[in-house]
Structures are given as structure tokens and as C-alpha cells.
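This report goes through the sheets, helix contacts and selected residues of one structure.

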Amino acid sequence: MRLRTAFLAGSALALVAGGAAAQTSLTIATVNNGDMITMQSLMGDFNAKHPDINVEWVTLEENVLRQNVTTDISTGGGQYDILTIGTYEVPIWGANGWLVSLNDLPAEYNVDDVIPAIRGGLSVDGELYAAPFYGESSFTMYRKDLMEAAGLEMPDAPTWEFIREAAAAMTDRENEINGICLRGKAGWGENMALLTAMSNSFGARWFDEDWNAQFDTQPWADTIDFYLGMMEESGPAGAANNGFNENLTLFQQGKCGIWIDATSAGQFVVNADSTVADQVGFALAPDMGLGKRGNWLWAWSLAIPTSSEKQDAAKTFISWATGPDYGALVAEAKGWVAVPPGTRKSLYEDSRYLDAAPFAQATVDSMGTADPTNPTVDPVPYTGVQFVAIPEFAGIATQVGQEIASALAGQQSGAEALERAQEFTVEEMEAAGY
């Protein structure tokens with residue numbers, strides 16, 4: 001009996017050791033926003049269902065994430081098994097053969113439930129190359145109490161002129177209330193996401209139909225003059241350092257009257273962390289009456305680089321993290337208001353979500369007005385609302401963003417920033433052969 005017991009115990013230890021040795025470890029590069037932090041807090045569910053897969057997270061600030069994953073995938077570095085990337089990168093990287101096709105996700109994933117515009121933006125020639133974790137446009141968030149105190153009423157579809165007037169009326173610097181908070185931090189996905197979408201509504205373009213840079217045109221001058229003037233009048237101190245997360249904190253603390261940013265922020269301005277949760281209203285992004293609004297279309301998504309040697313395990317994780325059951329998991333832990341928005345049609349047919357999320361309809365309406373294939377007032381040779389879908393854009397727009405951030409910080413004028421942006425863009429596009 002003792003020999004048999006010892007044998008069984010030894011066998012059990014061998015099985016445990018063998019199981020541990022057989023465990024697959026995934027490294028995921030992700031962005032440090034609220035939805036992705038929530039996912040990490042829910043990993044107990046995934047671990048229970050998939051004890052053979054260990055997940056290691058590398059969580060980075062948005063600009064750093066983009067730089068790291070771009071370097072890794074373009075060099076075939078293989079540092080990550082899953083990348084958090086966006087609507088800009090997926091079509092380019094998919095066409096380059098850098099991403100693994102996700103067309104073979106299991107039937108229960110129900111890919112047909114994914115909102116068509118989001119799915120289309122993550123596909124190349126019918127191949128899905130990334131699974132959306134959440135989708136977004138951008139819209140206007142505002143303090144209803146401050147708007148009322150100013151004697152104004154926010155339209156469902158405001159103009160930029162009204163936004164500037166309202167921001168000035170709300171500003172109370174003695175009490176640390178800024179009339180408006182907008183992105184100022186340099187980066188193609190930070191200040192240039194806002195400013196490119198904003199410029200569309202002013203009639204500006206990155207390039208004309210012959211790929212000539214357009215920063216020396218009047219619509220761009222109008223855009224930047226308006227942005228800098230409004231931020232000087234009503235924006236927070238140090239605005240050139242503020243991106244999405246910094247402005248979110250300011251708004252939650254009651255220090256912003258108006259914030260124009262991602263629709264995914266809706267849940268965070270009405271949750272328990274927000275001191276003004278019961279006073280937040282929502283409207284479309286502003287326009288200039290030219291037929292285009294200053295809102296974008298984006299999806300943070302999970303993709304697998306072809307350099308990963310653990311593609312099956314990576315697909316298992318992606319199916320869990322972006323599948324139809326994940327929303328209910330978030331709802332149980334955090335409430336329906338916290339479910340990642342903008343990816344599945346079924347979410348906007350669920351009364352539990354619609355009742356909990358006062359921003360739901362504004363999100364749908366905003367996503368519906370963004371048109372990546374026809375983003376500007378005048379014709380352009382590119383697609384993309386807040387970006388230009390060419391490989392050179394990220395580097396060019398990052399430099400342009402630095403010039404405009406410098407103007408916002410008072411280190412140069414808006415005209416000087418645009419002049420340098422024009423010179424740099426022309427040089428880079430000529431070098432790229434356009």
C-alpha cells in the first residue's frame with residue numbers, strides 16, 4: 001500500500017510538473033486606457049477557462065505603445081504575441097503580410113454581429129486581420145449645470161462657433177474651471193487625431209488629389225487659429241501636455257466645461273470616479289456648416305503578428321476578449337455602463353445597456369456620421385477620417401503634431417507651425433516617391 005501511495009503521489013507531481021511545462025505563455029502589448037485595465041482585472045475568468053495559457057501584459061502609454069509595436073512588427077522582432085493596434089495600422093500591416101488572418105475564429109464568435117463599418121476597417125480583401133475590442137467616434141461631452149448657469153443650451157449638433165462661445169462663458173479660472181479641454185499632447189493619434197478631424201469640418205485636407213501637402217492653405221490656417229485662440233481663452237494651463245487620459249481626469253474632477261473626445265470616454269465621465277457624473281450631457285462633434293463634422297472613426301483591436309509562435313493560443317485569447325460573452329462578464333463585474341462600446345450590433349439592441357448608458361445613442365449617431373472613404377469637403381486620394389491611410393502618415397503626423405503642440409505651448413505661432421509642417425511634409429512625401 002505504501003508503495004502504491006508513493007507511486008500515485010509521484011505520478012500526480014509529474015502530471016503537475018508536466019502541465020506547468022506545457023503551459024503556453026502569451027505576451028500582450030496594450031494601451032493604458034480604462035477598458036484595457038478593466039480587461040486585466042477580469043483575467044480570473046479567462047484563467048479558469050484556459051489554465052494552460054498564461055498571459056503577460058505590457059501596458060504602455062498610447063504614443064509609446066505605437067512606437068514599440070511598430071518597431072517590433074516591422075523588424076519581425078517577435079516580442080509580442082498579441083498587439084493592441086488601431087484602424088490605421090490594420091489594413092497597412094495586413095496587406096504587408098505582417099498579421100495573422102482571423103477568418104477562422106470559431107462560429108460562436110459570431111463575426112457577423114460586428115458592426116460592418118468597424119469590421120470593414122479591420123479587413124483586407126475579405127480577410128479579417130484584427131478583432132475590435134471597442135469602437136469609437138468622437139463627440140461633445142459637457143457640463144449641463146455650467147451650460148445652464150451660462151444661460152446657454154447645447155444643441156444636439158453644435159457648431160464650432162457655439163462651442164467657443166459656450167467655453168468662454170463657462171470659464172472660471174479662479175475656481176479652476178476651464179471652459180474647454182482638448183488634446184494638446186503631440187502625436188499622430190493624440191493631438192493630430194483631434195486636429196485632423198477638426199480640420200475636415202473647416203474644409204481642410206492633408207493632401208489634394210495629386211498628393212500635394214495642404215498646410216499652406218487657408219482652411220488649415222483657420223483651423224489652427226481657431227484651436228489656439230479657443231484654448232488660450234478657455235483651455236487649461238499646460239494643455240500641450242494633455243492627451244486623452246489627462247483630459248479625462250480634468251473632466252472627472254469638474255475642471256472642464258466641455259470636452260470633445262472619444263465616444264469611449266462616455267462610460268468614464270458618468271461612472272463613480274466622476275465628480276460630475278449626474279451633470280454630463282452629450283452632443284455630436286461640432287461642424288462649420290460645410291457638411292463635415294469634426295469626429296473620427298476608430299477601433300482599438302487585438303491582432304496577432306505573424307512572428308508569434310503561439311498563434312492558436314493567441315486566437316483563443318482574442319476570442320475570449322472580444323467575443324459575444326465578454327460584455328456580460330464586464331456588466332456583471334462593473335455594470336452595463338462599463339461594457340466596451342462600438343463593436344457589436346447586439347449591444348445597441350440590449351435594453352440593459354441602453355438604459356444604463358446615457359451616451360449610447362450619441363455614440364451610434366457619431367459613428368454613423370463618420371465616413372472614412374469620403375472624409376473631407378473637397379476630394380482627396382486617401383481614406384481615413386483622423387488619419388491618412390498610408391505608411392508614411394504616422395511619422396509625418398507625429399512631427400506635425402510636435403509643431404502644433406509647440407505653438408500651443410507658446411513657443412511659436414500657429415503660422416510658423418504650419419509653415420514648418422508644410423516643409424516637412426513635402427520633403428517626406430517627395431522622399432517616399434509621391
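In which sense do E3 and E11 pair, and over how many bridges? E3 and E11 run antiparallel and are joined by three bridges. The model is a predicted one.

**Five-stranded sheet**

E3 and E11 belong to an open sheet of five strands with mixed pairing, ordered E2-E1-E3-E11-E6. Its edges are strand E2 (53–60) and strand E6 (131–136), each of which pairs on one side only. On average, neighbouring strands of this sheet are turned by 15 degrees against each other, direction ignored.

Within the sheet, strand E1 (residues 24–31) and strand E3 (residues 82–85) run parallel and share two bridges. Ile28 lies opposite Ile82 of E3. E6 and E11 are antiparallel, with five bridges between them. Tyr134 has Trp300 as its bridge partner in E11.

Strand E11 (residues 298–303) is mostly covered, with six of its six residues buried. In a regular strand, side chains alternate between the two faces of the sheet. In E11 both faces are covered: Trp298, Trp300 and Leu302 are buried on one side, and Ala299, Ser301 and Ala303 are buried on the other.

**Four-stranded sheet**

A further open sheet has four strands in the order E8-E9-E7-E10, again with mixed pairing. Strand E8 (178–181) and strand E10 (280–284) form the edges, and each pairs on one side only. From one strand to the next, the twist averages 20 degrees.

Strand E7 (residues 138–143) pairs with E10 in the antiparallel sense through five bridges.

| Strands | Sense | Bridges |
|---|---|---|
| E1 and E3 | parallel | two bridges |
| E3 and E11 | antiparallel | three bridges |
| E6 and E11 | antiparallel | five bridges |
| E7 and E10 | antiparallel | five bridges |

**Helices H11 and H12**

Helix H11 (residues 244–252) has Phe244, Asn247, Leu248, Leu250, Phe251 and Gln252 as its buried residues. The elements that cover these buried residues include E7, E8, E9, helix H12 (266–269) and E10. After H11 comes Gly254, with a positive phi near 80 degrees.

Helix H12 contains Gln267. Is Gln267 buried or exposed? The relative accessibility of Gln267 is 6%, so Gln267 counts as buried. The side chain of Gln267 makes a polar contact of 2.9 Å with the side chain of Asp35. Leaving aside residues up to four places away in sequence, Gln267 touches Asp35, Val337, Ala338, Val339, Pro341 and Phe359.

**Contact of H9 with H17**

Two packed helices are described by the angle between their axes and the distance between the axes. For helix H9 (residues 191–201) and helix H17 (residues 393–408), the axes come within 9 Å and cross at roughly 90 degrees. H9 and H17 are therefore roughly perpendicular to each other, because angles of 65 to 115 degrees count as such.

Which residues of H9 meet H17? From H9, the residues in the contact are Asn191, Met192 and Leu195. From H17, they are Ala397, Val400, Gly401, Ile404 and Ala405. The residues of the contact of H9 with H17 divide into six nonpolar, two polar and no charged.

**Residues with positive phi**

Most residues other than glycine have a negative phi. Glu176 has a positive phi, near 60 degrees, and is a residue other than glycine. Glu176 lies in the loop between H8 and E8. Trp211, also a residue other than glycine, has a positive phi near 65 degrees. The loop that holds Trp211 is between H9 and helix H10 (218–234). With a relative accessible area of 22%, Trp211 is partly exposed.

Terms used
Residues numbered from 1 in each chain as written. Predicted model: local features only at pLDDT ≥ 70, side-chain atom pairs only at ≥ 80, totals over all residues. Heavy atoms only, no water. Pairing = 2+ DSSP bridges. Axes fitted to C-alpha atoms, helices over the stretch in contact; angles between N-to-C directions. Parallel < 35°, antiparallel > 145°, perpendicular 65-115°, else oblique. Contact = heavy atoms within 4.5 Å. Nonpolar A, V, L, I, M, F, W, Y, C, P; charged D, E, K, R; others polar. Buried < 20%, exposed > 50% of the residue type's maximum accessible area, 1.4 Å probe, protein only. Polar contact = N/O pair within 3.5 Å; in protein donor to acceptor, adjacent residues only side chain to side chain.
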